[in-house]
Amino acid sequence: MNRFAATLLECEREGCLSLSRLRLDNGVELTALSAGLGGVGEAGARLYVAIKAAEVSLARPPLPAISLRNRLPGRVLRLEHGRLLSRIMLDCAGLSLEVLITRRGADELALELGDEVIALVKANELTVLADVD
């Protein structure tokens, strides 16, 4: 599980849904959609954002028009290919992001060390966790 410290920029609420805009410590902004009572706090709150490696998709730039809000530009640091899955480590502006995709998907992208990619995460796949110590 990838886990990053972040600051809550704003949180919109409608019924039991919260749409939060967060800034990671490296300056990248993400959007998280959460269901449940309350929300994640007030603007300025320090939080953690968790992203499962298997919930990240990869694309090569330039990226066509797409609805995914969370786009993290990165560079391939490590590739580990198994028979079915590939584990990829990215450097996203100083943060390490682990990605788990199918081997076939990795082969179709023809990924090599040092390649520039964009990591994509749907807003509902981000988990916002308690305060940063």
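Let us walk through this structure, from a sheet to its salt bridges and then to a single asparagine. This is a predicted model, where local features need pLDDT of at least 70 and side-chain atom pairs count only at pLDDT 80 or more, while totals for chains, interfaces and linings use all residues. Residues are numbered from 1 along each chain as its sequence is written, and side-chain values use heavy atoms, leaving out hydrogens and water.

Start with the open sheet, whose 5 strands run in the order β3-β2-β1-β4-β10 with antiparallel pairing. Strands here are DSSP runs of E, at least two residues long, numbered from the N terminus, and two of them pair if DSSP finds at least two bridges between them. At the edges you will find β3 (29–35) and β10 (126–129), each pairing on one side only.

Now look for salt bridges, meaning a side-chain nitrogen of Lys or Arg within 4 Å of a carboxyl oxygen of Asp or Glu. The count comes to 9. In one of them, Glu-10 joins Arg-21, with the closest N and O atoms 3.0 Å apart. This pair links strand β1 to strand β2, 11 residues apart. Arg-23 and Glu-29 also meet, at 2.8 Å from N to O, and salt bridges link Glu-10, Arg-21, Arg-23 and Glu-29 in a network.

Finally, visit Asn-70 in strand β6 (residues 70–81). Asn-70 is buried, with a relative accessible area of 0%; buried means under 20%, exposed over 50% and partly exposed in between, using a 1.4 Å probe and protein chains only. A polar atom of the Asn-70 side chain lies 2.6 Å from the backbone nitrogen of Thr-31.

Terms used. Helices (H or I, at least four residues) and strands (E, at least two) are DSSP runs, numbered from the N terminus. A polar contact is a pair of N or O atoms within 3.5 Å; within protein, one must be able to donate a hydrogen and the other to accept it, and residues adjacent in sequence count only if both atoms are side-chain atoms.
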